[in-house]
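User: I'm new to reading protein structures. Could you walk me through this one with a few questions and answers?

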Amino acid sequence: MIKRAVLALTLPFAGPTLAEGISLQSPIDCDLTSTCYIQQYMDRHPTAGVRDYHCAGLSYDGHLGTDFALPSTADIQKDIAVRAAADGVVEGVRDGMTDIEYTPQTAAAVENRECGNGVQINHGQGWVTQYCHLKQGSLAVRTGQKVSAGDTLGHVGMSGRAAFPHVHLSVRKDGKALDPFDPDGTLTCASPADSTLWADPPPYRPGGLISVGFSDHVPDFAQVKSGDAKKTRISTQARTLVIYGFGFGIRAGDVMRLSITGPKGQVIAKDIVFDHPQARSFRAIGKKRTWHPWPQGDYHGNVSLLRNNAVVSQSETKITLR
Ligand SMILES: [Zn+2]
């Protein structure tokens, strides 16, 4: 059982002042305050830098959409729905591309098809939305079909140019990409956005924990990303007991605070400082046992991500050693 909360970090909030013409609903059937998260916003920096609509770095250079992410690649199997953000008519669909992690080696295979399996919807009056990286074989609409806001278009996947499971949403008006969090483009770093296309704007999470878990060894990053790192059974004979935390939007100076408390008190606790920003990263701490087995019972893992001494995100997990 995992509890996760975004705490203590107060940020300017874009109120739901509707821009003219279109109102958007969430394109993903997943809670963006806990389970799922926005990994990357539209890049608002006109030239070589990176800047999201909160003047932070949750984007990459030239990114013209918003990425709504699942916690692990294993979650693709849960068939999380991608939903139409508004009423409209489907004007393009692609399916058939495999869900594999994008790397420089796979670039040639997805060239000119970076969106992967996707859907484009025309909402009239020049408004178009596009949904990318859907799961192979999941596309549920066809070209020419009328859809309503909230209709299932397919499932979240990792096809095309995607290094993690997510749906990329592009919003365009008269062919020009707009940031749905600041459609007027009036945002400056001194003032938060005063307009939005969202009927109910997803909260801005300035980084946080994606997942935490116990293991009997220090996992590698591939296992953390896939979801395989998290063990649900660990023996009292295990040589090592490990807790890890997987985070996004890491900034230089952020601290990951990890601890394990067992039936006889604290097993280990440690703060780890990140010395450079990372889009996604994990840290783990562990303890080798002595010649005795671990005491039987419940072990609680606690992980926090701290920024300027304030908790950005906190998560707990529990395992019973037998
Ligand atoms: Zn994207």
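Here are some questions and answers about this predicted model.

User: Into which domains is the protein chain divided?
Analyst: Happy to start there! The chain has a domain 1 and a domain 2. Their C-alpha centres lie 31 Å apart. By residue number, the bounds are 20–178 for domain 1 and 208–321 for domain 2.

User: What area is buried between domain 1 and domain 2?
Analyst: The size of an interface is often given as the accessible area lost when the parts come together. On the domain 1 side, Tyr37, Gln39 and Pro71 lose the most area to domain 2, together 43% of what that side buries. Carbon and sulfur atoms give 53% of the total, and that total is about 860 Å².

User: Which residue forms a salt bridge with Glu101?
Analyst: Good one to look for in the 3D view! The rule finds one salt bridge across the interface of domain 1 and domain 2. For the Glu101 pair, the closest N and O atoms are 3.3 Å apart, inside the 4 Å cut-off for a salt bridge. The partner of Glu101 is Lys225.

User: Which residues coordinate the zinc ion?
Analyst: Look for donor atoms at 2.0 to 2.7 Å from the zinc ion. In sequence, the donor residues are spaced H-x3-D-x100-H. They are His63, Asp67 and His168.

User: Why is the arrangement around the zinc ion irregular?
Analyst: Let's check the angles. Four donors count as tetrahedral if all angles lie between 85 and 135 degrees. Here the arrangement is irregular because the four donor atoms subtend angles of 52 to 152 degrees.

How values were computed
Residues numbered from 1 in each chain as written. Predicted model: local features only at pLDDT ≥ 70, side-chain atom pairs only at ≥ 80, totals over all residues. Heavy atoms only, no water. Domains from an automatic or database assignment. Buried area = accessible area lost by both parts, 1.4 Å probe. Salt bridge = Lys/Arg side-chain N within 4 Å of Asp/Glu carboxyl O. Donors = N, O, S within 2.8 Å, 3.2 Å for Na, K, Ca; no water. Tetrahedral: all angles 85-135°; square planar, octahedral: opposite > 155°, others 65-115°.
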